[in-house]
Amino acid sequence: MKITKDTVAIVSGGASGLGGAVARALADAGARVGILDLSEEAGQAMADKIGGAFAKVDVSNPSSVADGFASIREQLGQERILVNCAGIAPAAKTQSKGVAHDPDIYIKTIHVNLIGTFNCATQSAAGMAMTAPVTEDGERGVIINTASVAAFDGQVGQLAYAASKGGVVGMTLPMARDLMRYGIRVMTIAPGIFRTPMLEGLPQEVQDSLGAQVPFPSRLGDPTEFAAIARHIVENSMLNGEVIRLDGAIRMAPR
């Protein structure tokens, strides 16, 4: 699908990090971009920077998601691209010193990372399905979800996070099959260790140590590299129903 000045995209978690890089890349390609994020200040700042629109949304809340999509569509029009980047990454073990994993942490992680992705994807798909095709193949849109290498190589303390991202991986093919008759593609990116605001808050020696674990290139991934693969997915219509590991060939150790 070609990105033009008439193309509308929505990015959840688009105020910063991987989502922010995607929002900037799609805007640079010519799209009008809507940002969904909980951070009102950062979300509005990003929207102003790229000439897009912002809606404050809690992706784990279906009503909030529906209102956010309605707001962005009213401002920009029906989106043809959705990139889901909103997520959280708490750390907790199955049990620690005889104390069970806090169920509230587990539930919240599933709600934000997995159900939040589901909420945004289904809202977007419903809108895309009602539009006219934009390619000779009959394509109406593309949904890109974000998982993690933790879906496959979950580390100690990543029980909830790995489960949530594994669910995103598991949704990819059936969602693509559900939407094939409408010409809506579904892809998932599973990033490795990327330089996000969370990692940038760590000491430089810790960042360097994490980067050195990557076989090649031995460094942290740059959010622009994540954004580049997202844009390529949009523009390459044969990419559908698959998960792409973007990780420099890393396979995470237990800890």
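This is a predicted model: local features need pLDDT of at least 70, side-chain atom pairs count only at pLDDT 80 or more; totals for chains, interfaces and linings use all residues.

Colleague: How many bridges join β2 to β3?

Modeller: Four bridges join them, with β2 covering residues 32-37. As one example, G34 has A53 in β3 as its bridge partner.

Colleague: Switching to charges: how many salt bridges are there?

Modeller: The count comes to nine. One of them joins D222 and R195, whose closest N and O atoms are 2.5 Å apart. That pair links distant parts of the chain, 27 residues apart: D222 sits in the loop between α8 (204-212) and α9, and R195 in the loop between β8 and α7.

Colleague: Is D222 buried or exposed?

Modeller: D222 counts as buried because its relative accessibility is 17%, and the cut-off for buried is under 20%. R195, at 30%, counts as partly exposed.

Colleague: What about E235 and R231?

Modeller: Their side chains meet in a salt bridge too, at 3.1 Å from N to O. The two are four residues apart in helix α9, so about one helical turn separates them. E235 is partly exposed at 37%, and R231 is partly exposed at 33%.

Colleague: Which residues are linked in a network of salt bridges?

Modeller: D153, R245, D247 and R251 are. Within that group, R251 and D247 meet at 3.3 Å, N to O. R251 is exposed, with a relative accessible area of 53%, whereas D247 is buried at 11%.

Colleague: New topic: how many aromatic pairs does the structure hold?

Modeller: One. The rings of F194 and F226 have centres 6.4 Å apart and planes at 80 degrees, so the pair is edge-to-face. It links distant parts of the chain, 32 residues apart, with F194 in the loop between β8 (184-191) and α7 (197-200) and F226 in helix α9 (residues 223-235). Both F194 and F226 are buried.

Colleague: Last one: which residues form the nonpolar patch on the surface?

Modeller: Y106, I107 and L159, with about 240 Å² of accessible area together. I107 lies in helix α4, residues 103-128, and counts as partly exposed at 42% relative accessibility.

Methods
Residues are numbered from 1 along each chain as its sequence is written. Side-chain values use heavy atoms; hydrogens and water are left out. Patches are made of residues with over 30% relative accessible area and no salt bridge: like charges are joined within 9 Å, nonpolar side chains (Val, Leu, Ile, Met, Phe, Trp, Tyr) within 5 Å. Accessible areas come from the Shrake-Rupley method with a 1.4 Å probe; for residues, only the protein chains shown count as cover. A salt bridge is a side-chain nitrogen of Lys or Arg within 4 Å of a carboxyl oxygen of Asp or Glu. Buried means under 20% relative accessible area, exposed over 50%, partly exposed in between (1.4 Å probe, protein chains only). Rings of Phe, Tyr and Trp (its six-membered ring) pair if their centres lie within 6.5 Å; planes under 30 degrees apart count as stacked, over 60 as edge-to-face and the rest as tilted. Two strands pair if DSSP finds at least two bridges between them.
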